[in-house]
Each structure stands twice: as C-alpha cells, then as structure tokens.
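Hi,

Here is the structure I promised to pass on. Have a look at it first, and my notes on what turned up follow below.

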There are 2 protein chains.
Amino acid sequence: MSKINVIEGGICAVEGVRAAGSREGKYGLAVIESKDSAASAVFTSNKVVAAPIIHTKEMIKGGKISLVVVNSGNANCFTGQDGIDDCDKTIEFASIITGIPSTEIATASTGVIGRKMPMDIILPLVEESISKLEHSAESSTDAAKSIMTTDTYHKEFAVETEIDGEKVSIGGITKGVGMIAPNMGTMLCFLATDAVISSEMINKALKSAVNRSFNMIVVDGDQSTNDTAILMANGKSGVEVAKNGEINEDFQNALDFICISLAKMMARDGEGATKFIECKVNGAKDENDAILASKSVISSSLVKSAIFGGDPNWGRIVAAVGYSGCEMNQEMISVSLNSDDGKEAILVDKGKILAFEGTDELNSAEEIMQEKTVNIVVDLYQGDASATAWGCDLTYDYVKINAEYTT
Amino acid sequence: MSKINVIEGGICAVEGVRAAGSREGKYGLAVIESKDSAASAVFTSNKVVAAPIIHTKEMIKGGKISLVVVNSGNANCFTGQDGIDDCDKTIEFASIITGIPSTEIATASTGVIGRKMPMDIILPLVEESISKLEHSAESSTDAAKSIMTTDTYHKEFAVETEIDGEKVSIGGITKGVGMIAPNMGTMLCFLATDAVISSEMINKALKSAVNRSFNMIVVDGDQSTNDTAILMANGKSGVEVAKNGEINEDFQNALDFICISLAKMMARDGEGATKFIECKVNGAKDENDAILASKSVISSSLVKSAIFGGDPNWGRIVAAVGYSGCEMNQEMISVSLNSDDGKEAILVDKGKILAFEGTDELNSAEEIMQEKTVNIVVDLYQGDASATAWGCDLTYDYVKINAEYTT
C-alpha cells in the first residue's frame, strides 16, 4: 500500500484548481473551478430536495463539471418554481462571466428552508467570488469559510499519494454540522483530484468513499434536503487511476482517507459538541451488522448525553447495540473505552462486567471520559466484520443552537 | 359506539384488584394483585433483556397472572446468573408470603443497568408492600409512585364502558420517561380489567392497543432493555368481551383509550420536557406510511429543539417527512399547527408556503408555539390513511438529566 501524505492547500492543493469565497452578512458564496473535469456527485436521499439538487442531479448526467457555485445562508429548498428559476439565473450569470458552458456548472446551497433566494445579494457575491478565483491555499480557505453555517471552524484537507511511482493529489473542502445523519445530513463536500479517471469509474470511487466516511457520521439523526458531495477529476497529473473497470487501490485508499478525515472534522464540529466520539464494532456477523451497531451507539441520545456528562455508562452502549438490529448475544459482548493518548478501560469482557464501583477499570473509564476524544470499541464475537462510526456528544449548546436557528 | 367514562381509582378502580407501593431511598417496590387473571404481556424488542423479562416471558406462557411484583431503581439487566437468581428469589419470597403459586407471579424492573440487585433492600420492600395490599384509590397511587424513576409525576388512569348494557372497567398505572421510543422505550405499564376474556383473545386486544398507543410515542429514540406492558383480566364483571374469535369493539376502544391516555401522559412527562407534541399525518398512502411520517416528525431532534425554542420551523417538519420513507410529493404537502384552545395556523398549503414573515399565519403559528401543547397536522394527499404520534420537546434539562444519571 502506498503512503498517503497529508499536504497543505485544501482543494487548491490540486493542480488546475482555483477557488474563492466571499460573504455578505449571513450569506456566503464559494466558487470552485476545475476545468473539463470528469465528475460524480452523491445527494441526500430525502424526498424533499432543494432546487440546486434538482439542477445538479440533471447536469451531472453529462459526467463533466468545470465550475461549482455554492451559497450558504439560504437552502433554496421548498421554494417552488421561483427556486428553480433563481438557480438557473445564478448559473447563467456565472456562465456569462466565466465563459464556461452552463451545462458544466454545478450548484449547491445550504441554509434555511422555504425562503426565497435573496438574488440581489447572491448575484453580486457570485461576481465577486469569480473575480477572486485563484490557485492558492488562501483561496481554498476562503471558499471553505464562505460555505460555513453553524460550523465553528472551516474544513479543508488534502492528500498526496503515489500510483505507479507518480504523484496524485486529492483536495477538498466541506461544511457540517447540524442534521448530520446516516445517508448524509446537511453537509456539502467538494473534492478535486488531478487523477485521470472516467466519469463512470469516478462515480464508483466516490460512492465507495462516501459509504465509509460521510455515511458513517451522525450528529442528530436528521437528514437534510440539500446534502451534496461532488468529486471532480481534471486529469492534470496524467496518472490513470482506473484500468479495466478496476479502481487503483492506492487511489481508493487515498480518497477514503481524505473523506474520512473530512467526515471526522464534521463530527468533531457537530452542533454544540464538546467531545468527539468514535465507535468501532468488531466481530460482527457481517459488514451490515457492524454498520448497524456502530451507528446505533453513535446515534443514541442517551449515550451522547452520558459522554457529555463524563459518565462511562456502558449499559447504554450495550442497550444501543441491542436495539440496533445486529446479531448479538448479551453474554458474549465486550465493551471497552480508550483515549488517543493510550489509556484503556475494559468495561465489559465477554458479558462479564469489569467496571464496578471502586475498580481500576471504572477509574480509568472515568479518566478517559474527561478527554476530548472518546473511543468506544465493541466486540460482538459473531463473525469477522468491522465498521467504525463517528459522532459527538449531545449538549446544552446543541439544544440552544437549534432552538434559536431561524429567529 | 359506547361512551367511555373516565373514572377515579387507577388500577384499583377495577373490582378485585389490590395494590400497594413502598420506597426506600432510590428503590421503590409495587405489588399488584388480581387473582386468577387471564393475562398477556408485551416486551421490549431489544436483544439485550433484563432478568425479569426472561422470567415473565416464560411464565406468561401459562396465560395466567395473580400477582405482579415491580421494582424501580435497579433494572436487574446485564446481571448474568446472579440476576436470574435474584429474580427467582424475589418471586419465591412473594409466593411464600402471599400463598400465590410462583407460576402466577410476574415481575418487572426499571433503573440502572448492570448493577446487582440490592436484595437486602428489595426483599424487605416486597414484604412491606404485600402487607399493605389494598383495594383503594390511594393504594393505586402508592403503587404508581413507587415505580417512578425520572418521572416528575405518577401516572394512573381508569375508564368504564358499557358492553351489552353491562359495565366493564379497565384501570392502569405506568411509568415513563427516558428512552421512550418506537417499539416501547423504558416504560412499564400494568393494566387490569374485570372483563371476561380468554388468554388468547386478551393477547390480541393488548397488542392492538399497544400498537396505537405506547408504540406511537417517542422521547429520545432509545429503546430500553426492560419495557413491559401487562394486561390482566379477572372476569369479576361477568361480562364477556370476546366472542367467536372477535374482540368486542367497545372493549377494544376502551382499552385503546386508556393506553393512549397513559402513553400521552408519558410523552408529556418525557425527560426534561416543557412541551407536549402531537403529530397527526393524514392522507398517507397506507397506515404504515402514516406511522413512518408521524414518528419521524416526533423523533426529529431539530423539530423538537425548534418547538422548545418556540420557532414554527415548518421546513424541519417537511424535511422529517421527506426522510421518513413515506410516499410524498413536496408540491402536494400541507402542514398546519393548532392549539388545544382552537388556534390554527396553516404554514404550508399543498406545497405553497403561507407563513411568510409578517403574515397572520406566521403570527398565529408563533402564538401556538408558546402553548404547552403543540399539535402538528400534516396532509400528504397520497391516500386515505392516518396515524398520530406523540412526543415532547428536546430541552436543556433532557441533556442535564441524562448527563448525570448514574453519578
């Protein structure tokens, strides 16, 4: 397996990619240019979808993207024909300024549902961002910042790997953070690579990466109307990463790695989060069971509240596994906690409770619960399959943020 | 349809039923006696189950209950063979004191998972409660109080109806309130009736009532290891309520009514709740779709937080319907709010938003959001099926209660 190097520059770490971002009040606008890219996109499975999703779902059938225009502050969802018209106007406007055919312009939105797009603010922001397009680390950061909503920090990442001795890079920006749920909550993710890959194969690569990353994070279990992940490949490296219908393993690993890294950033920045939670389930009967169990633990309001309170309440973890639908036997389950600095506490070992009051195990568990990152490991002893899900604690601030959002 | 009268007396409103409750510190113990009753029980579908559930699942196969022994403060779950032994000891002890065969004694527990039962406290409480058994409204209240955990008030209810001109009564006690979820969260419910009904038919009647009541409330989506609902019929009224394999409709209606009333009490007392939410979905393609949609709205952390904040954020309601899995068309959905005192606000009418800033509809919606009860009505225009689900808002106190539970 090739080494994956983390590099600077976000989405602009990739040759041939230019980005920019601008903001006015609560509205932000990012543009990302990666000319003549083979492209794929994954969308929310919510039956209520925003106008930009209707647009991008259609245009992506051409398999090609040169420009992405993204706004924050208004979701352009549940806005009827007006919303579709506003979406079209935005794209036409960007097309006229850049000279890029409108059929190669993708779009995405995030923000409040059911309000008409403030086109008098959006169009000037489109013009401003396009005028600032640049191939630089700063412009990637500007783009990442301009799509933030309740995110507390911007999110960008880039990696480089070697394929047959030649360098290939992948960069991306993303935003979270409420409504992050199985099958993609309100998240936008834009990825670019300089690899050479066909529209068909890039689709396969993106789906696979999304299933291991964005589909494994949960903030609140709600699912947005606007989720979009786009991957563009402009081929500038000249390195082919799919041959004979097979995706190069090193490329897929690098793509998985960047998507998982971005997904973890999102979970860590879940609305109101004070702690990051990882739950790895081992020994599941099959992968589906491992996914069910790990997501169930990460989604449990009781587990999330307990972790916020620093309470190593393994009973809630076991209960969440129990109702997940996975095959399990309560007399053959192990649960342990560990921290990033090497502390470990075995709470339950093959059905036997070790973390009683006064034991070292419980003391260690309580110490781990004070860390910023809490790793939960569950072993089911039903088979060989594993899965890892990521999330965050449930806090007063989650409630506060979401009780006050539109007001 | 016969009239259903609400009567006093809780579970002791039913002839031949005696109850009692006692408490020591955080432990409580209730006993309910209804001799020689045909009985049925419904349990959690969690694969991790408590010792009392293992016991009661087995004994209920005999179809007969004379006594129920319930403790709060310790779930006797994940306690291995010790837990089974403690359960057996409790039942043997109750059998010796009362003279009731142990095969006719059901049991249930609620509380912390994974701690050994404090038998030195539990057995004296069993003795005390049995010595206090009485057929009185006060003893029903005592029993209801002794099974409370984080409940803020005790829950009991009783109804009377006429079947073929003769009176039949049903009474019950219950406790909620965390982990209340689809398919029964931590809830215990004990019901008694003086109707004459076979073990087989009582099973059918209870399942039907549970599906329309306890399975339609959601507090946090977690699912307990200990949920139990028991219905006992002692036949004291002499009125047969099932003939030729059919349950009398008036009896089923009365049973549904008491179960829905108790379920709503639980949702209203959801952990940390400040508001009670009802969501009725009309016009669904079929009943399953109506259930999916109504539960999805009631379960949404974003909807729940918005209601806590008094924010009529219909976009979150529509989004929750959208990801519920039901058939829907965003251009043909209506959403309205109403209050128990007759206020109404149509937020969305067949896909058209009516509640814009400055409109009367939005003002009325904001007023309704200030009420203690918020009723949401969704119409899908896909068919004729309806369902109603109940829940509560997500508040700072939910987080507080669950962050501090075991400590």
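Let me start with a helix pair in chain B: H1(B) and H2(B) are oblique to each other, because angles under 35 degrees count as roughly parallel, over 145 as roughly antiparallel, 65 to 115 as roughly perpendicular and the rest as oblique. Helix H1 (residues 51-59) of chain B packs on helix H2 (residues 80-98) of chain B at about 55°, and their axes are 8 Å apart. (Axes are lines fitted to C-alpha atoms, for helices over the stretch in contact, and angles run from 0 to 180 degrees between N-to-C directions. Helices are DSSP runs of H or I with at least four residues, strands are E runs of at least two, and both are numbered from the N terminus.) B:Ala51, B:Pro52, B:Ile54 and B:His55 of H1(B) make the contact with B:Gly83, B:Ile84, B:Asp86 and B:Cys87 of H2(B); contact means C-beta atoms, placed from the backbone, within 7 Å.

Before you go further, the bookkeeping: this is a predicted model, where local features need pLDDT of at least 70 and side-chain atom pairs count only at pLDDT 80 or more, while totals for chains, interfaces and linings use all residues. Residues are numbered from 1 along each chain as its sequence is written, and chains are lettered from A and ligands numbered from 1 in the order in which they are written.

Chain A has a helix pair to look at too. Helix H2 (residues 80-98) of chain A and helix H3 (residues 119-131) of chain A pack at about 30°, with axes 10 Å apart, which makes H2(A) roughly parallel to H3(A). On the H2(A) side the residues that meet H3(A) include A:Phe93 and A:Ile97, and on the H3(A) side they include A:Leu123 and A:Val126.

Now the strands. Chain A has an open sheet of 7 strands in the order E9-E18-E13-E17-E14-E15-E16, with mixed pairing; strands pair if DSSP finds at least two bridges between them. Strand E13 (residues 276-284) runs antiparallel to strand E18 (residues 385-392) in chain A, with 7 bridges joining them. Helix H7 (residues 287-299) of chain A packs on this sheet, touching E9, E13, strand E17 (373-379) and E18, and its direction makes about 20° with that of E18(A).

Elsewhere in chain A, strand E6 (residues 155-163) is joined to E7(A) by 9 bridges, antiparallel. The two form a hairpin with 2 residues between them, and A:Asp164 in the turn has a positive phi of about 50°. E7(A) also pairs with strand E8 (residues 188-193) of chain A, antiparallel over 6 bridges.

Helix H8 (residues 301-308) of chain B has 8 of its 8 residues buried. Its cover includes helix H11 (396-403) of chain A, along with helix H7 (287-299) and helix H9 (314-322) of chain B, among others. B:Gly310 follows H8(B) and has a positive phi, near 70°.

Last, the largest nonpolar core has 274 residues, and A:Ile230, A:Val378, B:Ile230 and B:Val378 have the most contacts inside it. (Such a core is a set of buried Ala, Val, Leu, Ile, Met, Phe, Trp, Tyr and Cys residues joined through C-beta atoms within 7 Å.) Beyond its neighbours within four places in sequence, B:Val378 touches residues including B:Cys279, B:Val281 and B:Ile333.

Cheers

Technical notes: Buried ≥ 20, exposed ≤ 12 C-beta atoms within 10 Å, placed from the backbone. Contact = placed C-beta atoms within 7 Å.
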